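Hello,

Here is the structure for you to look over. My notes on it follow below.

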Amino acid sequence: MDWYSNFYRFLVTHHLAEKREDVWGGLLSVLGEELLQIYSARLGLKKLQQAACKLSVLFKERLACHLALLATVRDISESQVELEQETATKPFKPWVQKLLVSLKDIVNGVHDFIIVHQLKINLKTGEKMNTFRALLQTVKFIYKIDAYVITLDRSDSDLSTVMKIAIKASCAKWYTKLLSASLEIMEHDSAGRIVITVGALRGMINFLTRSKQKLAPYFNELGVDYFAEVYSEIDLQLAGDLETILSNSDSSQDSFMLYQMLKVFNELGRDIQGRDFKLKRFHQYFTNHLKFWIDDRIKLFDDGMWKAVKQAEAVPVVHSVKYSSAVRDTIDLLVRVCSFIKVLAWPEPEQATAILFLMTEQLCGKLLLFVDDISVKLDNHNFYIEERPRGRMVTEKLCVHLNDIQQLQRGLADLPEHLDWESQRKELRKTRESEAVLRTVDAMNTQLKSTADDMCNKMVQLYDDFAMQLRDSISSKLLQIANPKCPFEKALEDLMRYLTDLLTVLFQGLFQNVFI
């Protein structure tokens, strides 16, 4: 009689009679233990055989209670002497063979269980964590049973090696379910492939972070670096797919999102020692995308700047000093676009420096176009002066535009900080000679100085232009002083009052550093 399998039928018959459905739950109850004792007494079953009966029921009920599974395997481990006697000769008895197969299945299935349920299980819950620990301790107890080890048909039969193999195999299945299947569906949709990969990678990173904090300590008890094994398998699988994922991609925004996620993934594995990961130089997959990312940021800046110019209005700063809202918005755009460099953090120092130089050159050119636009508007609309009873006077718009140029100069002066020149210079020194570094930095400083000089020249030109337009009013005041028919004191007072009014308008309407 197959008493090993028949015990399950014995329990089912009893539970049907009691109109109960939870067979395994009944086994764990006091009544269930009594039934096991009755069954064992009838057949003369030893402690090991009783534990085998329990295991058969738990397996039929899909390992429903892991703490019970742990207790059962512990009983088997404690019956080591009996098991050695049963496995001393071959072939094994059918029930012994089934027992050993069940033990094997536990080891092979434990990590599959964790992967399948990792999104459903709240690792903050103590009960769930106990479940994980019970599963792993179960495997540990199984490996104390020599008979189990004897039945393995491979040399890598130590616990840590087998668990590493199981982890990698399960992780590969998880990756396939999470990403590979979706990539096949999106074969002709390049943007869709990237979006799906970003979402999947975000989920993998979250799981890795969580497992590093919560699961790794329990796997350490088995001699397995769980985090490193899962990370290396994801690294291997993703590296094999990355070229396909990025092929024919025409969406720079989506590819940059993927670059950012891979950068986070790469940082996550930085502390793992002794392994050469495939994605350690992940940025090389994005070399062809780099120019598009930079062009996109420059275009965003350019479009935003001219939109701000169209919607510009004078904004009070302090007292009567005003400047254009377009300049304020442009400087905000400048900071935002430059932050792209810090987010990018391109790992190759020489290429990163070339990117900095290109961004500096492009942004300087855009700011100069803004200054030119100011000058053109002043010329076309004669915004320099306005006619007043005492003579021609400087306009508020002229003061606003002069303030605009000064604020753009300030934004330009802050460009090295926004683009993080100093950090890049330190990185560059690690790979190149000091002279080469200085030449590169000098080239960028020359570009900045040239742009700043151009802006200063524009301001000087504006001063010259409005001074020329005021010349007639000043000349007429001087002619009155020279006219013997006009009282000298009155003519001189009129000239001084005019000049005072003129200087007061400039002093009150300009930032002091512009006026000085």
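**Cavities**

The structure holds 2 cavities of 30 Å³ or more. A cavity is a set of points on a 1 Å grid over the protein atoms alone where a 1.4 Å probe fits but cannot get out, and lining residues have an atom within 4 Å of a point. Of its 10 lining residues, Thr353, Gln424, Arg425, Val441 and Met444 are the closest to its centre. Two or more lining residues come from each of α17 (349-381), α20 (421-429) and α21 (434-482).

This is a predicted model: local features need pLDDT of at least 70, side-chain atom pairs count only at pLDDT 80 or more, and totals for chains, interfaces and linings use all residues. Residues are numbered from 1 along each chain as its sequence is written, and side-chain values use heavy atoms, without hydrogens and water.

**Helix packing**

Helices (DSSP runs of H or I, at least four residues; strands are E, at least two) are numbered from the N terminus. Helix α11 (residues 190-214) packs against helix α13 (residues 226-246) at an angle of about 175°, and their axes, lines fitted to C-alpha atoms over the stretch in contact, are 11 Å apart. The two are therefore roughly antiparallel (angle over 145 degrees, on a scale from 0 to 180 between N-to-C directions).

**Serine 324**

Serine 324 is in strand β2 (residues 321-324). Leaving aside neighbours within four places in sequence, serine 324 is in contact (heavy atoms within 4.5 Å) with Ala312, Glu313, Val315, Val400 and Asp404.

Regards

Key
Angles under 35 degrees count as roughly parallel, over 145 as roughly antiparallel, 65 to 115 as roughly perpendicular and the rest as oblique. On a 1 Å grid over the protein atoms alone, a cavity is a set of points where a 1.4 Å probe fits but cannot get out, and a pocket is an open set with protein on both sides within 12 Å along at least five of seven lines; lining residues have an atom within 4 Å of a point. Grid points are joined across faces, edges and corners, and a volume is the space filled by probe spheres set on the points.
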